[in-house]
Amino acid sequence: MRILHTIAARDWGGIAYRTIEQVAWLNSHGHQSWLASPGGSAVALRAKTAGIPVVEFNFDRPFAPSTAWALRRLVGDLRCDVIEAHTGRCANATLMVRDRCTIIRTRHTTRQLKPTFSRWLRWRWGWDWTVATAQTIADDLLAAELVPPNRISVIGEWAENRFFERTLWPEWRRTWRDRLGIPNGTFVVGAVGMLRPEKGFDTLIRAMKIVTDTHPDAIAVIVGEATEAGSPYERDLRSLVGSLGITDNVIFTGYSDDIPGLMQVFDVVAVPSTFEAQSRVIPEALASQRPIVASRVGGITELITHGKSGWLVWPKDPAALAFHLIDIGNSPAMTAAICDRGGAFARETLQIDAKMQQYLQAYARVPRGRMSATPPAG
């Protein structure tokens, strides 16, 4: 099968990371797959670095005749069977080639879509199949009558194979703790993600102030970088750390490709987001058998059962987050049992091979030209 993945966004993030893992998996399992993304973008540059075949393509004017012609030519040159569109502008551009291959629209975000008539036409008529990356996304699309129930799949997040390499965990923990200058025995709270307001890192920092009042040596390690637009938020985070007097308790590592290794540094993983789909970090933490405290938002509750596979708190509540962080540090037996259950869940349900088989089933369904022609009432 020949599959072209498209991303119009220029900034790196979870969508791009998930997509390049898809492309790499497909190409290592007998298929041919490419990523089309704007030339010079962070997405294209990092994908190339990862060895992903990249086609530079500008989706800024998705409905322009020049875009349509270029995309039709590209689809013909690559002899695509399927296009999987991961962002809005590139999905709109694929409307111009729906007669030439199957179009899959993957929806990654929980932001609700207003069901306008033009949007209804695109979702119901323009794309052959929809993949939602969390059940909550699918529920919203179905409630808005943007997608018929017989043309949607839910394929959640996964952890790629490195996270399951149990024999390497002790070595990774030693290596990264040495690299970060963290002594053995120090309690470490880890958080991973782009430095954007919706990731809630300010809540984590405020929680760490509470934690350090009773555990003065505890450290938070925040892994990620800001986009150009997110630079003010990063400055605000660093300023907040200083104003709270916990400069020695917070480490900003910047971007890292070695999240499997860093996971083993963490004694607990915090996901304090204000909104999320399922969050890539949660399957990765479960696979790494790390305890998790996460916000009760979006699709996170599809992966975490409070008190059984992790802990859930309401967003923007640093006191609740701090309570569970301290409790985890003080309750090693309880924490180990939770981690064991989370790890078993990840091995059974969150491996990339099983998720990609679900994608291949969606690609093969090809229900082109079978869309409902009746718009929603009202």
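Here is a short chat about how to read a few features of this structure.

Colleague: What should I know before I start?

Modeller: This is a predicted model, where local features need pLDDT of at least 70, side-chain atom pairs count only at pLDDT 80 or more, and totals for chains, interfaces and linings use all residues. Residues are numbered from 1 along each chain as its sequence is written, and side-chain values use heavy atoms, with hydrogens and water left out.

Colleague: Is strand 5 buried or exposed?

Modeller: Buried means under 20% relative accessible area, exposed over 50%, and partly exposed in between (1.4 Å probe, protein chains only). Strands (E, at least two residues) and helices (H or I, at least four) are DSSP runs, numbered from the N terminus. Here, six of the six residues of strand 5 (residues 102-107) are buried, so the rest of the structure largely encloses it. Thr-102, Ile-104 and Thr-106 cover one side, and Ile-103, Arg-105 and Arg-107 the other, all of them buried.

Colleague: Which strands does strand 5 pair with?

Modeller: Two strands pair if DSSP finds at least two bridges between them. Strand 4 (residues 82-85) pairs with strand 5 in the parallel sense over four bridges, and Ile-104 is the bridge partner of Glu-84. Right-handed means that, with the strands pointing away from the viewer, the path from the first strand over the helix to the second runs clockwise. Strand 5 is also joined by four bridges to strand 6 (residues 129-132), again running parallel, with Trp-129 as the partner of Ile-104. Helix 5 (residues 117-126) carries the chain from strand 5 to strand 6, and that β-α-β crossover is right-handed.

Colleague: What does the side chain of Ser-295 reach?

Modeller: A polar contact is a pair of N or O atoms within 3.5 Å; within protein, one must be able to donate a hydrogen and the other to accept it, and residues adjacent in sequence count only if both atoms are side-chain atoms. Ser-295 sits in strand 12 (residues 292-295) and counts as buried at 1% relative accessibility. Its side chain reaches the backbone oxygen of Pro-272 at 3.5 Å, and a polar atom of that side chain lies 2.7 Å from the backbone oxygen of Ser-273.

Colleague: At what angle do helix 1 and helix 14 pack?

Modeller: Axes are lines fitted to C-alpha atoms, for helices over the stretch in contact (heavy atoms within 4.5 Å), and angles run from 0 to 180 degrees between N-to-C directions. Helix 1 (residues 14-28) and helix 14 (residues 352-365) pack at about 80 degrees, their axes 11 Å apart.
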